[in-house]
Amino acid sequence: LTYIGASGTDEILAVRDLPDGGIAACGRTTSVAFPGMDSNDSLSGIYDMVIFRMDSAGQLLWTTIYGGLYYESANGMQVSDSAIYVIGSTNGNDIPMVNAFQDSTGGSYDAVILKLDFSGNILQASYFGGSGAEQGFGIDLDSTGQVVIGGSSTSTILPMSPGNYQPAGGGAVDGFITVMN
């Protein structure tokens with residue numbers, strides 16, 4: 001058991017085992033000096049995403065802070081043999097995108113999907129959303145290694161994968177599940 005955090009509000013929302021016996025975790029922070037931050041990291045907004053890795057002995061190996069001027073939260077995580085996948089949410093439009101399949105926001109909140117290597121480098125960062133508010137909560141990999149995400153949406157139409165079960169929202173807030181190609 002260990003605490004991790006600094007002078008602000010620090011919340012860990014997902015933890016996953018890594019192939020080497022360590023763990024990766026993610027959440028959100030308001031701390032300007034979250035443990036493991038290096039000179040390239042800085043708190044940018046109200047809350048920023050925090051992703052970190054510990055080895056099998058519980059030693060902190062690295063921390064990545066990701067966000068813009070507004071609210072970002074890393075809500076879910078999955079791990080493959082070579083990468084860490086994170087899903088979260090933002091109400092900003094100023095976070096840097098990397099190899100994005102959606103490089104701009106669509107509404108008041110959008111889901112954010114990140115892919116990191118085991119050293120904490122961001123390999124891919126993308127928005128996912130329509131004209132309403134999307135929050136990303138679940139992320140997994142299917143049997144072919146494609147990323148599957150889930151969350152909530154107030155949009156009537158989202159960029160869904162072909163052959164979907166329900167092509168449009170049915171209520172004020174609906175769940176979504178989609179495969180990212």
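Here is a short chat about the predicted model shown above.

Colleague: Hi! What is the secondary structure of the chain made of?

Modeller: Hello! In this predicted model, the chain has zero helices and eleven strands. From the N terminus on, the elements run β-β-β-β-β-β-β-β-β-β-β.

Colleague: And how does the radius of gyration sit with a compact globule?

Modeller: The two agree, because a compact globule of 181 residues would have a radius of gyration near 16 Å and the chain has 16 Å. Along its principal axes, the C-alpha trace spans about 45 × 35 × 30 Å.

Colleague: Good. What share of the residues is buried?

Modeller: Buried residues are 45% of the 181 in the chain.

Colleague: Which residues touch the most other members in the largest nonpolar core?

Modeller: That core has 20 residues, and I51, M77, I84, V86 and L114 touch the most other members. Two or more core residues come from each of strand 2 (23-29), strand 3 (48-54), strand 4 (60-66), strand 5 (72-79), strand 6 (84-90), strand 7 (110-116) and strand 8 (122-128).

Colleague: For the chain overall, what percentage of contacts join residues at least 24 apart?

Modeller: Counting contacts between residues at least 6 apart in sequence, 53% join residues at least 24 apart.

Colleague: New topic, charges. How many positive and negative ones are there?

Modeller: There are 4 positive and 18 negative charges, and their mean positions are 6 Å apart.

Colleague: What about N99, where does that one lie?

Modeller: N99 is in the loop between strand 6 and strand 7. Its phi is positive, about 50 degrees, although N99 is not a glycine. Most residues other than glycine have a negative phi.

Colleague: Is N99 buried or exposed?

Modeller: N99 has a relative accessible area of 60%, so it is exposed, the cut-off being over 50%.

Colleague: Last one: which strand holds V179, and why does V179 count as partly exposed?

Modeller: V179 lies in strand 11 (residues 174-180). V179 counts as partly exposed because its relative accessibility is 27%, between the 20% and 50% cut-offs.

Methods: Residues numbered from 1 in each chain as written. Predicted model: local features only at pLDDT ≥ 70, side-chain atom pairs only at ≥ 80, totals over all residues. Heavy atoms only, no water. Helix = DSSP H or I, 4+ residues; strand = E, 2+ residues; numbered from the N terminus. Rg over C-alpha atoms; globule rule 2.2 N^0.38 Å. Buried < 20%, exposed > 50% of the residue type's maximum accessible area, 1.4 Å probe, protein only. Contact = heavy atoms within 4.5 Å. Lys, Arg positive; Asp, Glu negative; His and termini not counted. Charge placed at Lys NZ, Arg CZ, Asp CG, Glu CD. Core = buried A, V, L, I, M, F, W, Y, C linked by side-chain atoms within 4.5 Å.
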